[in-house]
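The sequence and structure are shown first.

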Amino acid sequence: MVILTEYLTALKPITARMKLLKTLHAEENAILHAKRDLSSCEIWVTHFPCPNCAAKIIQTGLRAVHSPKPNDDFLSRWGDKIKVSEDMFEQAGVKVDWMQVD
Ligand SMILES: [Zn+2]
């Protein structure tokens, strides 16, 4: 995540929910800074995209997402959102490649 630190500093104390509203996720940041047509490109991520990022990936025309398989801890916290994103990618025809990372 890229945090708008100068803006957030002015809003302390900040809640986790507020922080989430005022941040860009890495996928959004990568898409914004690509400044080119991303149709048919692919994206590699360190964590599976949330539904908001999934929507941007789909709308940008990216054709595949390469992500490490989430561990049990990550799944217990984010499994519901991962399922939503997975469904979105399936419906949009975006390939999901679960990478085996040791
Ligand atoms: Zn996200």
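An open sheet is formed by 3 strands in the order β3-β4-β5, with parallel pairing. Because β3 (42-44) and β5 (95-99) stand at the edges with a single partner strand each, one side of each has no neighbour in the sheet. On average, neighbouring strands of this sheet are turned by 15° against each other, direction ignored; axes are lines fitted to C-alpha atoms.

The model is predicted: local features need pLDDT of at least 70, side-chain atom pairs count only at pLDDT 80 or more, and totals for chains, interfaces and linings use all residues. Residues are numbered from 1 along each chain as its sequence is written. Helices (H or I, at least four residues) and strands (E, at least two) are DSSP runs numbered from the N terminus, and two strands pair if DSSP finds at least two bridges between them.

Strand β4 covers residues 64-68 and pairs with β5 over 5 bridges, while 3 bridges join β3 to β4. The table lists residues that stand opposite each other.

| Residue | Opposite residue |
|---|---|
| Ile-43 | Val-65 in β4 |
| Ala-64 | Lys-95 in β5 |
| His-66 | Asp-97 in β5 |

The chain crosses from β4 through helix α5 (residues 72-92) to β5 in a right-handed β-α-β crossover. A right-handed β-α-β unit is also made by β3, α4 and β4. Right-handed denotes a clockwise path from the first strand over the helix to the second, with the strands pointing away from the viewer.

Helix α5 has a kink of about 80° centred on Trp-78, where the bend is the angle between axes fitted to the seven residues ending at a residue and the seven starting there. Ile-82, Ser-85 and Phe-89 of α5 are buried (20 or more other C-beta atoms within 10 Å of their own, C-beta atoms being placed from the backbone). The buried residues of α5 pack against α4, β4 and β5, contact requiring C-beta atoms within 7 Å. Just after α5, Gly-93 takes a positive phi of about 80°.

Terms used
Axes are lines fitted to C-alpha atoms, for helices over the stretch in contact, and angles run from 0 to 180 degrees between N-to-C directions. A residue is buried if 20 or more other C-beta atoms lie within 10 Å of its own, exposed if 12 or fewer, and partly exposed in between; C-beta atoms are placed from the backbone. Two residues are in contact if their C-beta atoms, placed from the backbone, lie within 7 Å.
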